[in-house]
Amino acid sequence: MAVIPIIPAAVLLEQRSVSLSRLLSLSGTSPPLFSAVYEPLLVNLAAHIQQLPDPIHPERDLLDRRLRHVECALARRRGYFLPLGATPERIAREADVWTYAVFSAALLRGLEPDLRRLHVTLYGADQRPLPATQIGWMGLQASGACAYHVRQIHPGGGADATLLHVAGLMPTEGLCWLWREPTVLSCWLQALSEPAPPPMLAPLLVNLNP
């Protein structure tokens, strides 16, 4: 695979404006709220993974598969009342934060195992490889690299370390919103750290569009 230039996250998302419009519609939220907590996460993820290939379908980008996952999860979210068994008043009060939890969990769930299957070499402005220590958990755009080369590998198993990425990807306002609702936060953390999502969110997060 050829060396790929680092592209500003805003450009990557502009190329996917149709998908972002669908996400706004499916979220059922207002444009100001979408801009405040949804878009920053999308920007951060685009900066983080750039145009890395999807390890399952290498002919397309990992970012595109994850946006498809979110579209599928948000489509299922419509008409699905959370938390299960709650009063109508509570369901209405927490509707937006549950939707955000579904959105962010669908976007980020299983991210680290995907990245673990890709070996990335970063290049500086002088076209020389950067030391591996500059890659870390910071993502591609923040690494200081100008370009990268990627190849697929077959690493061994291990615990899902997605939360190490999530800590740097989630916008502060979004995290604070989740922290204010303990039940939502607990389900969200389990969805991002456990092999199986919690029963509350499983119907929305399993078998998403490939």
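**Entry 1: the sheet**

I started with β1 and found 2 bridges joining it to strand β3 (residues 147-152), the two running antiparallel. Before going on, I noted that this is a predicted model, where local features need pLDDT of at least 70, side-chain atom pairs count only at pLDDT 80 or more, and totals for chains, interfaces and linings use all residues. Residues are numbered from 1 along each chain as its sequence is written, and side-chain values use heavy atoms, with hydrogens and water left out.

For my own reference, two strands pair if DSSP finds at least two bridges between them. Helices (H or I, at least four residues) and strands (E, at least two) are DSSP runs, numbered from the N terminus.

In what order do the 3 strands of the open sheet come? I read it as β1-β3-β2, with antiparallel pairing. β1 (4-5) and β2 (118-123) are the edges; each has a single partner strand, so one side of each is left without a neighbour in the sheet.

**Entry 2: aromatic rings**

Next I went through the rings and noted 5 aromatic pairs in the structure. One of them is Phe 34 with Tyr 38, a stacked pair at 5.0 Å centre to centre and 15° between the planes. The rule I used: rings of Phe, Tyr and Trp (its six-membered ring) pair if their centres lie within 6.5 Å; planes under 30 degrees apart count as stacked, over 60 as edge-to-face and the rest as tilted.

Phe 34 and Tyr 38 both sit in helix α3 (residues 31-49), 4 residues apart, about one turn of the helix. Both are buried (under 20% relative accessible area; exposed is over 50%, partly exposed in between, with a 1.4 Å probe and protein chains only). I also saw that ring pairs link Phe 34, Tyr 38, Tyr 100, Phe 103 and Trp 177 into a cluster.

Which side chain does His 165 touch in a polar contact? Its partner is the side chain of His 48, at 2.8 Å. A polar contact here is a pair of N or O atoms within 3.5 Å; within protein, one must be able to donate a hydrogen and the other to accept it, and residues adjacent in sequence count only if both atoms are side-chain atoms. His 165 lies in helix α7 (residues 162-169) and counts as buried because its relative accessibility is 6%.

I found Thr 99 in helix α5 (residues 88-108). Its side chain and that of Arg 77 are joined by a polar contact of 3.1 Å. Thr 99 also counts as buried, at 7% relative accessibility.

**Entry 3: loops**

Met 200 is in the loop between α9 (182-193) and α10 (202-205), and I have it down as buried at 17% relative accessible area. I checked Met 200 against Leu 84: they are 116 residues apart in sequence and 6.8 Å apart in space, C-alpha to C-alpha.

The loop between α4 and α5 holds Pro 83. A cis peptide bond joins Leu 82 and Pro 83, with omega about -5°.

Is Gln 127 buried or exposed? I have it as exposed, at 69% relative accessibility. Gln 127 is in the loop between β2 and β3, and its phi is positive, about 65°, although it is not a glycine. Asn 207, in the segment after α10, has a positive phi of about 55° and is not a glycine either. Asn 207 is exposed as well, with a relative accessible area of 71%.

Leu 140 is in the loop between β2 and β3, and it is buried at 5% relative accessible area.
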